[in-house]
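Here's a quick tour of a protein model, written for someone who likes to know the cut-offs. Have a look at the fold before reading on.

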Amino acid sequence: MDKFDLQGDPIDVEKAVATQCGRRLSNHNFVLHNKYKKLQETRGEEYARNNPPAGVNPEQWTSLVTKKWTVPKWLVILFTREIVMERSEKNTSNRSWSKTKHRCGSKSLPVRLAAAMHDNGGVVPAVTEMYKDTHFNKDTQKWISSESEVLYDKMVQIETKHNAQEGTIPITQEELSVKGLKAKSGYVKGLGIRPSSSIRTVNREYVTHLEGKVQEQAEKIQEQAEGIEAANNKIEEQGKTLASVMAFLKQQGFIG
């Protein structure tokens, strides 16, 4: 700040300079700490403490070793950061293996689902609609990946084939997710909610219609059974009458 004429509000200038200097100092200390760990591993603790790298002030080096790098509190923080970085690297690696990346952005799948249910009267939307909404780019009219398009077409075919069967109950969205996207422990793929029978979206009018058909068929069967029983009774009565006539004729001497 003494060597350069920095224009602007003095407070803003001071904050900006302090931030930049702080970052440079942090990066410099990071490099020094890596050198310290390397010396410690190869030459021992005592050697690493008393032999700073070239160009480093011995007093500053000793101060970093005794007041920072060997302090338990700082070591705990360092260990925690290393774990976080390791997990971050693993997550990055896992994401790189994903073939069907979504485009939810900052609006997560459960949030999208809640909004869709609100607009749909509390009914869970079709998993195919949710899947296309999060894997198809409307601006470019293209799927994020060819695998996403294949899975979408597969679910559409499964649902169409299932519902085309006469007398069948429409497939639930959970079942369609399992058959099309495979089962995932803990949540339903494509919808981002826990698997539960409460998410079944069966058309109640269709079910009522089927129940009526079943009842109608049962009544027809009962009616047919009663008709058969009445016919049998009539035949039995006719048989008794014929037997009485034959007996009377025999008594009168008629033969044959």
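## Ground rules

Helices (H or I, at least four residues) and strands (E, at least two) are DSSP runs, numbered from the N terminus. This is a predicted model, where local features need pLDDT of at least 70, side-chain atom pairs count only at pLDDT 80 or more, and totals for chains, interfaces and linings use all residues. Residues are numbered from 1 along each chain as its sequence is written, and side-chain values use heavy atoms, with hydrogens and water left out.

## The overall layout

The protein has nine helices and two strands, and from the N terminus the order is α-α-α-α-α-α-β-β-α-α-α. Count contacts (heavy atoms within 4.5 Å) with a separation of 6 or more, and 49% of them join residues 24 or more positions apart.

Of the 256 residues, 19% are buried; here buried means under 20% relative accessible area, exposed over 50% and partly exposed in between, with a 1.4 Å probe and protein chains only. The protein exposes about 19700 Å², and carbon and sulfur atoms supply 54% of that. Areas come from the Shrake-Rupley method with a 1.4 Å probe; for residues, only the protein chains shown count as cover.

## Two cores

A nonpolar core is a set of buried Ala, Val, Leu, Ile, Met, Phe, Trp, Tyr and Cys residues joined through side-chain atoms within 4.5 Å. The largest one has 15 residues, and Tyr131, Met155 and Leu191 touch the most other members. Helices H5 (109-119), H6 (127-135), H7 (146-163) and H8 (173-181) each give two or more residues to this core, with H6 supplying the largest share, three residues.

Which residues does Leu191 contact, leaving aside its neighbours within four places in sequence? They are Leu109, Leu113, Val124, Pro125, Val127, Met130 and Gln173. There's also a second, separate core of nine residues, including Leu32, Ala48, Val56 and Leu64.

Leu242, Val245, Met246, Phe248, Leu249 and Phe254 make a nonpolar surface patch of about 580 Å². For such a patch, nonpolar side chains (Val, Leu, Ile, Met, Phe, Trp, Tyr) are joined within 5 Å, using residues with over 30% relative accessible area and no salt bridge. A salt bridge is a side-chain nitrogen of Lys or Arg within 4 Å of a carboxyl oxygen of Asp or Glu. Leu249 sits in helix H9 (residues 204-251) and is partly exposed at 32% relative accessible area.

Gln141 lies in the loop between strand S1 (136-137) and strand S2 (142-143). Most residues other than glycine have a negative phi. Gln141 isn't a glycine, yet has a positive phi of about 55°. With 54% relative accessibility, Gln141 counts as exposed.

Key:
Patch = residues over 30% accessible without salt bridge, like charges linked within 9 Å, V, L, I, M, F, W, Y side chains within 5 Å.
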